[in-house]
Amino acid sequence: ATLPAAPWLQALRTETQRTSQGRTAERLGVSEATISQVLSGTYKANSARIERRVRGELMGEQCECPVLMEISLRVCQDVQERK
């Protein structure tokens, strides 16, 4: 028997079915190829970055930031990735 998909992966699948892989990729700030690879299980990089984007953008999860106060995980990650 196959294990059920992680909630963030199910949320990603649901959003791509509701809109499209391209729109979902744009909303998450990643490439459409990345979305395709994550969904097909062929994504070679660590999926933690994608998971945080999905949890923040699609699932509405937030975190406490010492500077920006309560923000979405997506915004937190965007700030951390800035040069």
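**Glu15 and helix 1**

I started with Glu15, which lies in helix 1. Helices here are DSSP runs of H or I of at least four residues, strands are runs of E of at least two, and both are numbered from the N terminus. This is a predicted model, in which local features need pLDDT of at least 70, side-chain atom pairs count only at pLDDT 80 or more, and totals for chains, interfaces and linings use all residues. Residues are numbered from 1 along each chain as its sequence is written, and side-chain values use heavy atoms, with hydrogens and water left out.

Is Glu15 buried or exposed? I read a relative accessible area of 10%, so Glu15 is buried. The cut-offs: buried is under 20% relative accessible area, exposed is over 50%, partly exposed is in between, with a 1.4 Å probe and protein chains only. I then looked for side-chain partners. The side chains of Glu15 and Arg18 are joined by a polar contact of 2.9 Å. A polar contact is a pair of N or O atoms within 3.5 Å; within protein, one must be able to donate a hydrogen and the other to accept it, and residues adjacent in sequence count only if both atoms are side-chain atoms. Not counting residues up to four places away in sequence, Glu15 touches Ser20, Thr24, Arg27 and Leu58. Contact means heavy atoms within 4.5 Å.

Next I checked Thr14, also placed in helix 1 (residues 7-18). Thr14 is partly exposed, at 40% relative accessible area. I looked up its distance to Leu58: 44 residues apart in sequence, 9.8 Å apart in space, C-alpha to C-alpha.

**Arg74 and helix 5**

I moved to Arg74, in helix 5 (residues 73-81). Its relative accessibility is 13%, so Arg74 counts as buried. What lies 2.5 Å from a polar atom of the side chain of Arg74? I found the backbone oxygen of Arg27 there. Leaving aside neighbours within four places in sequence, the contacts of Arg74 are Arg27, Leu28, Gly29, Arg52, Arg53, Gly56 and Glu57.

Which residues of helix 5 are buried? I noted Leu73, Arg74, Cys76 and Gln77. Down the axis of helix 5, the buried residues fall within an arc of 160 degrees, so they line one face of the helix. The arc is that of the directions from the helix axis to the C-beta atoms. Their cover includes helix 2 (21-28), helix 4 (48-57), strand 1 (62-65) and strand 2 (69-72).

**Cysteines**

I searched the whole structure for disulfides and got 0. Cys63 is in none; its nearest cysteine sulfur, that of Cys76, is 3.8 Å away. A disulfide needs a pair of cysteine sulfur atoms within 2.5 Å. Cys63 is buried at 16% relative accessible area, and Cys76 is buried at 12%.

In helix 3 (residues 32-40) I listed Thr34, Ile35, Val38 and Leu39 as buried. They cover an arc of only 125 degrees around the axis, which puts them on the same side of helix 3. An α-helix has 3.6 residues a turn, so residues three or four places apart point the same way. The buried residues of helix 3 pack against helix 1, helix 2 and helix 4.

Gly41 follows helix 3 and has a positive phi, near 80 degrees. I then looked at Met69, which is not a glycine but has a positive phi of about 70 degrees. Most residues other than glycine have a negative phi. Met69 is found in strand 2 and is exposed, at 53% relative accessible area.

**Whole chain**

Last, I took the totals. The chain has 5 helices and 2 strands, in the order α-α-α-α-β-β-α. Its radius of gyration is 13 Å, close to the 12 Å that the globule rule gives for 83 residues, so the chain is as compact as a globular protein of that length. The radius is taken over C-alpha atoms, and the rule is 2.2 Å times the number of residues to the power 0.38. The C-alpha trace spans about 45 × 25 × 25 Å along its principal axes. Of the 83 residues, 31% are buried. Among contacts between residues at least 6 apart in sequence, 42% join residues at least 24 apart.
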